[in-house]
Amino acid sequence: MSLATDHWYDFRDLSNLSRVILEGIDKVAPYELAYIVAPIIGFVAAFVIFVLPSQLYVGVYGERRIIGRIQARRGPNRVGPFGLLQPVADAIKLLQKEALTPKVADKALMWAAPVFFVAPCVLLFAVIPFGPRMVFADVPAGLIFFIGVSGLPVLAAFIAGWSSNNKYSLFGAMRIVAMSVSYEVPLVLMLLCVVVFTNSMSLPAIVEFQRETDLWLIFMQPLAFVVYFIAVSAELNRTPTDIAEAESEIVAGYLTEYSGMRWGLFYGMDIGYALAAAAFASTIFLGGWSMWGLEQWVPPWLIFIAKTHLFYLVFIWTRGTLPRLRVDQLMGFAWKFLLPLAVVNLFLVSLERLWWLEAGLGDGMVFAFAGINIVFSAVAIFLWARFLGYRPESIPTRPRLVQKAGGYVPVEDPPGGGK
Amino acid sequence: MSEIVQSEPFVMNIGPQHPSTHGVFRVKATVDGEQVVDAEMVIGYLHRSMEKLAEERTYTQNIPFTDRTDYLSSMSNNLGYCLAVEKLAGIDVPPRGQAIRVIMAELQRLASHCMGAGAFANDTGAWQTPIMWFMREREKILDIFELTSGARLTCNYMRIGGVAFEIPEDFEEQVRALIGPMRETIADGEGLLSGNEIFLVRARNVAVIPPELAINASLSGPMLRGSGIAWDIRKADPYCGYEQYDFEIPIGYQGDAYDRFIVRLEEMRQSLRIIEQALDGLPGGPHSTEVPLSLRPPAGEAYARIESPRGELGYYLVSDEGPSPYRFHIRPPSLINLSVLKEMTVGGSIADAIVALGSIDIVVGEIDR
Amino acid sequence: MEGAGVQIAFWVLSVLTLVAAGGVMASRNLLHAVLFLIVTFIGVAGFFVLLSAEFIAMAQIVIYVGAISVLILFAIVLTPQSVRDNSETAMVGPAILLGIALSTIFLFVIHDTAWPTTNGTPALSASALGQALLSTWVLPFEIASVLLTAALVGAIMLVRSETEENEDVADVDA
């Protein structure tokens with residue numbers, strides 16, 4: 001399956017190196033020590049090759065540079081070469097700042113909220129397969145694990161907003177919980193489509209499915225991918241759905257009263273969760289570490305990281321370009337638009353799967369299914385939008401032009417023709 | 001059943017320190033959940049007593065004050081005040097001075113609408129991108145102002161009887177160089193925002209001002225035109241020779257926030273047309289008439305109004321033949337446009353209230369004076 | 001699962017769960033009580049993991065931590081007098097009696113049951129669970145779904161505003 005060998009110096013599969021280290025420890029020390037050393041090696045490796053570079057240089061520096069590019073400005077460019085040390089400088093600044101606590105706040109909870117916010121983020125990466133043998137915990141129900149754990153930060157954000165005892169914070173807290181409850185439903189239904197289609201809840205198995213069929217799930221389940229992207233950006237508070245932190249409306253939402261490194265933890269972990277969602281999406285929908293055979297020459301973990309960052313780039317892009325929806329519109333979108341589509345899609349996928357199993361069709365069928373599903377997605381989105389009364393052309397988007405000043409010009413009779 | 005499941009309304013202070021109040025302005029909003037049930041405006045945080053101070057200074061000394069009322073459109077404010085004094089004293093402005101005034105006022109309208117449209121997009125949540133694009137063009141206009149008058153924001157360029165200085169040699173070249181990119185930016189902004197469904201659902205049918213309300217509340221500028229009323233002082237009561245230029249009044253359909261936004265964008269296009277025409281037919285001659293420094297207009301009163309970027313900007317002056325005005329009053333369009341904020345916000349959500357406020361395009365310096 | 005690690009994990013989880021459960025009862029602030037309850041749920045999920053029932057552990061987190069506790073939080077924050085204390089009422093006496101009775105029953109049941117021990121990992125995978133739910137236990141499963149649907153409809157009826165109701169009545173009349 002892979003050209004990667006078992007030599008420790010073969011960096012295409014970093015698990016070789018850790019295995020050699022662990023075997024060495026096993027020979028000289030009691031065997032329990034390996035259990036303690038293994039997570040440390042995994043953590044350090046993940047930290048060095050993924051978390052730190054992603055967090056600092058894609059999440060903070062890259063995001064600000066790209067947003068700056070979108071906004072016709074330069075972004076950070078003063079600290080260090082090309083402003084590369086800006087994230088470090090920011091961290092030092094945040095550490096120095098005083099973390100204020102309002103007098104009327106619930107101090108214990110306000111202190112605990114950032115901690116509760118950080119812990120699940122670390123857990124999320126445990127089930128992500130970075131390579132064929134590079135996964136911390138091969139949990140059989142890894143997909144459910146991911147869904148469950150990614151629901152925890154919402155509680156932390158709620159605690160943060162509630163304990164601040166500020167009206168804006170409370171608004172942010174209520175909004176984030178409402179949003180999470182709404183968008184969890186289509187999200188889980190769509191991931192259920194993936195589970196039904198691949199017949200597995202284990203993330204490495206889903207990657208293996210995509211590698212064997214030579215077709216990524218984004219093509220087989222395009223609707224699921226779209227809904228996942230929308231739902232996850234709603235849960236992560238990324239623009240256009242960042243209503244829990246909506247700066248122009250409720251100042252900073254649940255973070256209004258936070259400052260210093262307490263705020264910094266929230267900020268950093270927001271990026272962390274976005275990266276986790278991107279990693280999850282590239283595992284589920286973009287083929288994980290597989291790349292049509294390229295993984296035999298290029299280290300699979302590099303392919304995986306590249307895909308993750310590519311997905312994260314889309315997050316940055318939407319953040320820089322789209323306005324924000326109102327809270328009731330966003331809720332309505334989840335319940336009225338995404339949920340029926342998700343249910344219909346689940347039904348279709350189940351039928352396909354059943355037919356696939358009953359008729360004993362070969363793996364080539366996935367291409368037919370991909371075609372069916374792509375057409376279905378496009379038709380379903382269009383028709384359902386029309387059915388819900390989406391008429392973008394009902395009122396012209398250009399103003400009418402008149403030559404003479406006068407009174408009210410009725411709409412039925414636009415003088416000058418109205419462009 | 002709804003008596004059981006009920007929430008208590010509570011008061012929420014939006015401002016005076018809030019990212020979306022465009023200055024130190026405060027709305028005491030009573031909200032029931034996300035819905036605004038009452039809104040009370042609190043103004044006066046930026047009051048500097050300009051109208052009273054102006055009674056102690058000569059007519060020429062008052063011009064810098066007008067810079068500081070609507071600080072996003074100082075040229076228009078200078079112009080309105082100078083027109084009022086000229087009306088009071090019966091001073092004629094040479095054609096070249098008038099044409100320069102028109103160019104400056106229209107450039108100022110562009111700069112101000114850049115800010116207004118960008119800030120409105122910011123309020124709908126288009127995070128900083130449109131405003132930065134518009135700012136890029138606004139910077140070029142401010143560069144031209146700096147080139148001409150030496151200042152970027154508070155220009156103090158108009159004088160009673162004309163303008164302060166002759167325009168520099170490369171002025172025309174610079175303004176013409178600005179027109180093309182400005183058109184592109186307007187088209188970009190329009191394409192990005194009016195073609196965007198999220199923007200449409202945020203701004204369409206939000207904060208609707210019916211035409212009757214718009215007239216009864218004495219609104220002016222884009223607020224009035226957005227409600228479908230063709231009214232522009234440049235057409236209705238021309239000053240500075242606006243009657244020679246060919247331009248159109250953009251009007252909206254139903255008076256919602258989107259209409260006001262798109263009217264502003266279209267006004268920018270029309271301003272560019274006026275600037276082109278004014279540059280083409282820029283007459284020669286003096287840029288200003290000689291006016292005595294200690295001007296003592298005959299006793300009487302005068303009211304001059306112009307179409308400032310925000311609406312009808314009026315200056316009312318009473319002279320008692322002294323060197324300074326006996327009474328100096330400004331009709332600030334922002335203040336009067338703001339008076340319908342309660343009608344616009346009550347019943348909508350907090351997010352809509354922010355969009356409503358953004359669509360008025362207020363400048364707090366002008367409201368509080 | 002066996003080994004020293006499992007022993008340590010078991011005792012840590014036990015202490016965590018029990019302390020948090022005590023906190024639910026002891027804390028005066030209703031919101032703090034809910035947060036303690038969430039910690040209890042997480043501790044119970046940890047026990048499921050120790051019993052090699054990963055799927056149930058995940059379900060515990062998704063349903064109890066992710067959904068039910070959020071609903072409780074919502075209920076507390078949305079109802080009037082939301083931050084009222086977990087104060088003493090006349091129900092304290094009966095509650096203590098009920099608690100003692102219940103724990104006595106539990107103690108007897110735990111003591112009298114012959115707990116079977118298995119060697120190796122029990123086959124409690126998600127697919128086995130799904131098979132069981134849709135074959136042996138299909139009737140309870142369907143009843144539960146009907147109940148949930150009814151609850152959903154009922155909730156919608158409860159929060160409808162009067163204007164909507166009047167509109168619907170007008171629609172029916174017309």
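Two strands are taken to pair if DSSP finds at least two bridges between them. In the predicted model described here, a hairpin of 2 residues joins strand S7 to strand S8 of chain B. S7(B) covers residues 300–308 and S8(B) covers residues 311–319, and the two pair in the antiparallel sense over 9 bridges. Within this pair, B:Glu307 stands opposite B:Glu312 of S8(B). S8(B) also pairs with strand S9 (residues 327–331) of chain B, again in the antiparallel sense, over 5 bridges. S8(B) is mostly covered, with 7 of its 9 residues buried.

A further sheet of chain B is open and consists of 3 strands in the order S1-S2-S3, with antiparallel pairing. Strand S1 (10–14) and strand S3 (35–42) of chain B stand at the edges and have a single partner strand each, so one side of each is left without a neighbour in the sheet. On average, and with direction ignored, neighbouring strands of this sheet are turned by 25 degrees against each other. Strand S2 of chain B, residues 26–32, is joined to S3(B) by 7 bridges, and the two strands run antiparallel. In this pairing B:Arg26 stands opposite B:Val42 of S3(B). In a regular strand, side chains alternate between the two faces of the sheet.

Chain B as a whole contains 15 helices and 9 strands. Its radius of gyration is 21 Å, close to the 21 Å that the globule rule gives for 369 residues, so chain B is as compact as a globular protein of that length. The C-alpha trace of chain B spans about 75 × 45 × 35 Å along its principal axes. Of the 369 residues in chain B, 56% count as buried. When contacts in chain B between residues at least 6 apart in sequence are considered, 71% of them join residues at least 24 apart.

Chain A contains 15 helices and 1 strand. Along the principal axes, the C-alpha trace of chain A spans about 95 × 65 × 40 Å. Chain A has 419 residues, of which 49% count as buried. For chain A, 74% of the contacts between residues at least 6 apart in sequence join residues at least 24 apart.

The domain assignment divides chain A into domain 1 (1–96) and domain 2 (107–390). The C-alpha centres of these two domains of chain A lie 23 Å apart. Contact between them involves 24 residues of domain 1 and 26 residues of domain 2 of chain A. On the side of domain 1 that touches domain 2, the elements giving two or more residues are helix H2 (32–70) and helix H3 (86–96) of chain A. H2(A) gives the most to this side, with 13 residues. By class, the residues on this side of domain 1 of chain A are 14 nonpolar, 7 polar and 3 charged.

The two chains are also in contact with each other, and 49 residues of chain B and 39 residues of chain A take part. Several elements of chain B give two or more residues to the side that touches chain A. Helices among them are H4 (95–123), H5 (129–149), H7 (197–203), H10 (233–236), H11 (257–280) and H14 (350–360) of chain B. Strand S6 (249–251) of chain B is also one of these elements. H7(B) gives the most to the side of chain B that touches chain A, with 6 residues. This side of chain B has 25 nonpolar, 12 polar and 12 charged residues.

Strand pairing also links the two chains. Strand S1 of chain A, residues 400–402, pairs with S6(B) in the antiparallel sense over 3 bridges. The bridge partner of A:Val402 in S6(B) is B:Ile249.

Conventions: Residues are numbered from 1 along each chain as its sequence is written. Chains are lettered from A and ligands numbered from 1 in the order in which they are written. This is a predicted model: local features need pLDDT of at least 70, side-chain atom pairs count only at pLDDT 80 or more; totals for chains, interfaces and linings use all residues. Domain bounds come from an automatic or database domain assignment. Two residues are in contact if their C-beta atoms, placed from the backbone, lie within 7 Å. Helices (H or I, at least four residues) and strands (E, at least two) are DSSP runs, numbered from the N terminus. Ala, Val, Leu, Ile, Met, Phe, Trp, Tyr, Cys and Pro count as nonpolar, Asp, Glu, Lys and Arg as charged, and the others, Gly among them, as polar. The radius of gyration is taken over C-alpha atoms; the globule rule is 2.2 Å times the number of residues to the power 0.38. A residue is buried if 20 or more other C-beta atoms lie within 10 Å of its own, exposed if 12 or fewer, and partly exposed in between; C-beta atoms are placed from the backbone. Axes are lines fitted to C-alpha atoms, for helices over the stretch in contact, and angles run from 0 to 180 degrees between N-to-C directions.
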